Amino acid sequence: MTDRELLNRVLELFKLCDSNSALLNNLLKNEFLHPSFEQRSILNQVDFEFILTDKAKKNEGLVEYYLDSPDGCPYRAEVIFDGKWYLKSFLFLCQGCFGNYEECNVCGGSGWGVL
Ligand SMILES: [Zn+2]
């Protein structure tokens, strides 16, 4: 499975699952989540359908995908290679700073998700 195929499988699960816990269980069952994945971000998930907008390859083993929810909220998915491809993170753009404030108390300066 390529990094893109993994992302597509993950996005399919988002569409199919009718609750956050079902989504998390399915992601775990399919072994899509890297051990470093913050499971809380799935339990707090509010959007379940996404449009892929961009891709940035960080290095051979790490790819970032940028997505939009139907109402236009930007998300970032990190896909990491660790024996096979895994979802490393799935976070929405910080609504406190929009990624523009290094000392943001909401996201901790990463620009994505909440602390
Ligand atoms: Zn922030």
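This is a predicted model: local features need pLDDT of at least 70, side-chain atom pairs count only at pLDDT 80 or more; totals for chains, interfaces and linings use all residues.

How many helices and how many strands does the chain have?

Modeller: Residues are numbered from 1 along each chain as its sequence is written, and side-chain values use heavy atoms, leaving out hydrogens and water.

The chain has three helices and four strands; these are DSSP runs numbered from the N terminus, helices being H or I of at least four residues and strands E of at least two. Read from the N terminus on, the order is α-α-α-β-β-β-β. Of the 115 residues of the chain, 43% count as buried, a term for under 20% relative accessible area, with exposed meaning over 50% and partly exposed in between (1.4 Å probe, protein chains only). The C-alpha atoms fill a box of roughly 35 × 35 × 25 Å along the principal axes.

Helix 2 spans residues 20–29. Its buried residues are Asn20, Leu23, Leu24, Asn26 and Leu27. Viewed down the axis of helix 2, they fall within an arc of 165 degrees and so line one face of the helix; the arc is that of the directions from the helix axis to the C-beta atoms. The cover over these residues includes helix 1 and helix 3 (40–43).

With residues up to four places away in sequence left out, Leu27 touches Val10, Leu13, Phe32, Leu33 and Ile42, a contact being heavy atoms within 4.5 Å. Leu27 also belongs to the largest nonpolar core, which has 25 residues; Leu27, Leu87 and Phe90 touch the most other members. Such a core is a set of buried Ala, Val, Leu, Ile, Met, Phe, Trp, Tyr and Cys residues joined through side-chain atoms within 4.5 Å. Helix 1 (3–16), helix 2, strand 2 (62–68), strand 3 (74–81) and strand 4 (85–92) each supply at least two residues of this core. Helix 1 gives the most, with six residues.

For Cys17, the nearest cysteine sulfur is that of Cys73, 20 Å away.

Just after helix 2, Glu31 takes a positive phi of about 55 degrees, and Glu31 lies in the loop between helix 2 and helix 3. Most residues other than glycine have a negative phi. Phe98 likewise has a positive phi, near 55 degrees. Phe98 lies in the segment after strand 4 and is partly exposed, with a relative accessible area of 46%.

For a contrast in the strands, Arg76 is placed in strand 3 and is buried, with a relative accessible area of 12%. Leaving out residues up to four places away in sequence, Arg76 touches Glu64, Tyr65, Tyr66, Ser89, Phe90, Leu91 and Trp112.

How values were computed
A disulfide is a pair of cysteine sulfur atoms within 2.5 Å.
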